Amino acid sequence: MNPGDMQGKLVRDRIPEVIRADGGDPVTYVASPAEYRRRLRDKLGEEVIEFLEADGDSALEELADVLEVVRALAVELGSDAERLEQIRAAKACERGGFAERIVWTGNR
């Protein structure tokens, strides 16, 4: 069986080490580039859902998980977090951010 056909989920790099430290014996493999891209996108959706369902302090931790996946996706797209921030800042300059809480309801 191809490892890519197995169930499982993309986990942070140190998770197998943490499992071993807790006495477990993790079964892992390294994803192919195509599988990695797919699993990163899946992980982003998973982390966004966890953020949306969280509250209080856990919401900030879940948002940090979203950011970690976003940074990994930037690298996978051939860039990095710094370039991603440059793009974000340019868009904020051109179109603004979300600080003013403006809700658009259509045109007249």
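**Pockets and helices of the predicted model**

About 280 Å³ of space lies in the second largest pocket. The structure is a predicted model, in which local features need pLDDT of at least 70, side-chain atom pairs count only at pLDDT 80 or more, and totals for chains, interfaces and linings use all residues. Residues are numbered from 1 along each chain as its sequence is written, and side-chain values use heavy atoms, with hydrogens and water left out.

A pocket is an open set of points, on a 1 Å grid over the protein atoms alone, where a 1.4 Å probe fits, with protein on both sides within 12 Å along at least five of seven lines; its lining residues have an atom within 4 Å of a point. Grid points are joined across faces, edges and corners, and a volume is the space filled by probe spheres set on the points.

The second largest pocket is lined by Ile87, Arg88, Lys91, Ala92, Arg95, Gly96, Gly97 and Phe98. The largest pocket holds about 960 Å³ of space. Its lining comprises 29 residues, and Lys9, Leu10, Val11, Arg12 and Asp13 lie nearest its centre. Helix H1 (15-21), helix H2 (33-53) and helix H3 (56-76) are the elements that give two or more residues to this lining; helices are DSSP runs (H or I, at least four residues), numbered from the N terminus. H2 gives the most, with eight residues.

The 21 residues of H2 should span 30 Å at 1.5 Å a residue, and the end C-alpha atoms are 30 Å apart, which agrees. The expected span is 1.5 Å times one less than the number of residues. Glu35, Arg39, Leu40, Lys43 and Glu47 of H2 are buried, where buried means under 20% relative accessible area and exposed over 50%, with a 1.4 Å probe and protein chains only. Seen down the axis of H2, the buried residues fall within an arc of 130°, so they line one face of the helix; the arc is that of the directions from the helix axis to the C-beta atoms. The exposed residues Arg41 and Leu52 are on the face of H2 turned away from its buried side.

H3 also has 21 residues and reaches 31 Å from its first C-alpha to its last, close to the 30 Å expected. Its buried residues are Ala59, Glu62, Val66, Val69, Ala72, Leu73 and Ala74. H2 and helix H4 (81-95) are among what covers them. Glycine 78, with a positive phi near 85°, follows H3.

Definitions and conventions: Contact means heavy atoms within 4.5 Å.
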